[in-house]
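Here is a short report for a reader new to this structure. Look over the sequence and the model, then read on.

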Amino acid sequence: MFNCNNLSLLNFTYYFKLALAISMTIVPVIVLELIAIKVIRYKNKYKGFNTDFIVRQIKTIFYTIVLFFLAYSLHMVITTPSNTCSMYAKKDIIEEYKSNLNKINDSDMNEVTKVKYMENVLLNAYNKDTKEESKVIEVKATINKVDDFLKENSDKTLNTVYVKDGVFYYKGHIDGNYNTYYGTSCPSDPLKEGYNNKFGYNNYFYNRLTKFIDEASKNGYKITMSEQGCRSYQTQVNYYSTMTPGRAAPPGWSLHGLGIASDLEFYNSNDSPCPSGRTDKSCPSMGWAHQNASRFGLTFPLLNASYREDWHIEPINKQKY
Ligand SMILES: [Zn+2]
C-alpha cells in the first residue's frame, strides 16, 4: 500500500498512529466523566430524571463507542504490516544494525554507499512488526542521522548517470529514439573525460567494483572485471544480432552502455577461469561474490533470470530519471 522507502511517509504514519492511540484512550474517558458530572448535577437539581435527558446521554455514549471503534479499526489497519511499513522495529534490529555496521566498516565501502546500505537494513527491519517502542525511537534517530548525511552528498554526472545518496540515477530510454539509447555516448578517452578508470565505467561503480574485487583477493579469491567499462551501442548491436535470442539486451537497453554494469570472470584456486555450468559451490570465488556483493552496494540481478547470468553485476540502488 505504501512505499516503504519513503521516510517522510513512514514518519507521518508513526505520528498519525500515535495520535490515534492517544485519542482512543483519552477521549472516551473525558466523555464518560462529563456525562457522570452532568447526571449528578441533573439529579441534584431536579431530584429525578426525565426520559429525554436519559436518551440524550445514552446517544452520546453510543456515538463515543462508535468513534472509539472507528479509531481502533483505523489503528489496526495502519499497524498491519501487510498494509503498511510498520514503524515498530523488531527487538533484534539494533543488534542486526550493529553487526552490519561492523561488517561494512571492515569493507571500506564509500561513505554514501555505507550509509545507504544501513538505511536499507533499517527500512527492511521496519517492515518486521513488533512492539518495542524504545527500539523504534533508537532506529528513528539513526534514520534521521542517515537522512542528514545523505542530503549533504551528491555527485556529478557521467554519461547521463549521476550518483546521489548512493543511488545511481540514469536516464530512461525511449524505444525507437536513438538519442536516448544507452551506449551512444561512451567516452572515447575516459581518463581525459573525468573518469577515474581507463575502461569507461562510472567512477562510483568502478570504486565499488575495485573494493569488492580487492576484498575477494584478500579472502583468497580471484575475480576480474571486464575491460569493457562502457559498451558502445554498435557493440550491443553486434551482440544482439549474433547471440541466441534473449541472451543479450536489445541495443540501447543495456546498462553496460552507461558504464554501470560489468561482466566478471571468476577463477578457481589453480588460476583457471571457472567453466560454464559452474555453481557457487564448484566455483568458490563466485560463491563468495554472490554472498558478499551487497556489502559493497552491488548485486547480481540475473541469477534467477531465464537466461541466468551469474557474472553480470550492477549497483544495488538504481533509479531512472
Ligand atoms: Zn552483462
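## The right-handed disulfide

The model is predicted. Start with Cys-274 and Cys-283: the torsion about their S-S bond is about 80°, so this disulfide is right-handed. Its sulfur atoms lie 2.1 Å apart.

Are these two cysteines buried or exposed? Cys-274 has a relative accessible area of 5%, so the residue counts as buried. Cys-283 is buried as well, at 0% relative accessibility. Buried here means under 20%.

How many disulfides does the structure hold? There are 2. A disulfide is a covalent bond between the sulfur atoms of two cysteines. Cys-186 and Cys-230 form one of them, with 2.0 Å between their sulfur atoms. The angle about this S-S bond is -80°, and the link is left-handed.

Which parts does this pair tie together? Cys-186 sits in the loop between strand 3 (167-170) and helix 6 (203-218). Cys-230 sits in the loop between strand 4 (223-225) and helix 7 (233-242). The pair therefore ties together parts that are 44 residues apart in sequence.

The accessibility of each cysteine can be read in turn. Cys-186 has 23% relative accessibility and counts as partly exposed. Cys-230 has 12%, so this cysteine counts as buried. The cut-off for buried is under 20%, and partly exposed runs from there up to the exposed class at over 50%.

## A buried serine

Now turn to Ser-254. Where does this residue lie? Ser-254 is in the loop between helix 7 and strand 5 (262-266). Its relative accessible area is 8%, so Ser-254 is buried.

What does Ser-254 touch? Leaving out residues up to four places away in sequence, Ser-254 is in contact with Tyr-182, Arg-231, Gln-236 and Ala-249. The side chain of Ser-254 also has a polar atom 3.0 Å from the backbone nitrogen of His-256.

The last stop is the surface. Which residues make the nonpolar patch? They are Tyr-15, Leu-18, Ile-22, Ile-26, Ile-30, Leu-34 and Ile-37. The patch covers about 650 Å².

Leu-34 is found in helix 1, which spans residues 7-46. Why does Leu-34 count as exposed? Its relative accessibility is 52%, and exposed means over 50%.

Conventions:
Residues are numbered from 1 along each chain as its sequence is written. This is a predicted model: local features need pLDDT of at least 70, side-chain atom pairs count only at pLDDT 80 or more; totals for chains, interfaces and linings use all residues. Side-chain values use heavy atoms; hydrogens and water are left out. Patches are made of residues with over 30% relative accessible area and no salt bridge: like charges are joined within 9 Å, nonpolar side chains (Val, Leu, Ile, Met, Phe, Trp, Tyr) within 5 Å. Accessible areas come from the Shrake-Rupley method with a 1.4 Å probe; for residues, only the protein chains shown count as cover. A salt bridge is a side-chain nitrogen of Lys or Arg within 4 Å of a carboxyl oxygen of Asp or Glu. Helices (H or I, at least four residues) and strands (E, at least two) are DSSP runs, numbered from the N terminus. Buried means under 20% relative accessible area, exposed over 50%, partly exposed in between (1.4 Å probe, protein chains only). A disulfide is a pair of cysteine sulfur atoms within 2.5 Å. A polar contact is a pair of N or O atoms within 3.5 Å; within protein, one must be able to donate a hydrogen and the other to accept it, and residues adjacent in sequence count only if both atoms are side-chain atoms. Contact means heavy atoms within 4.5 Å.
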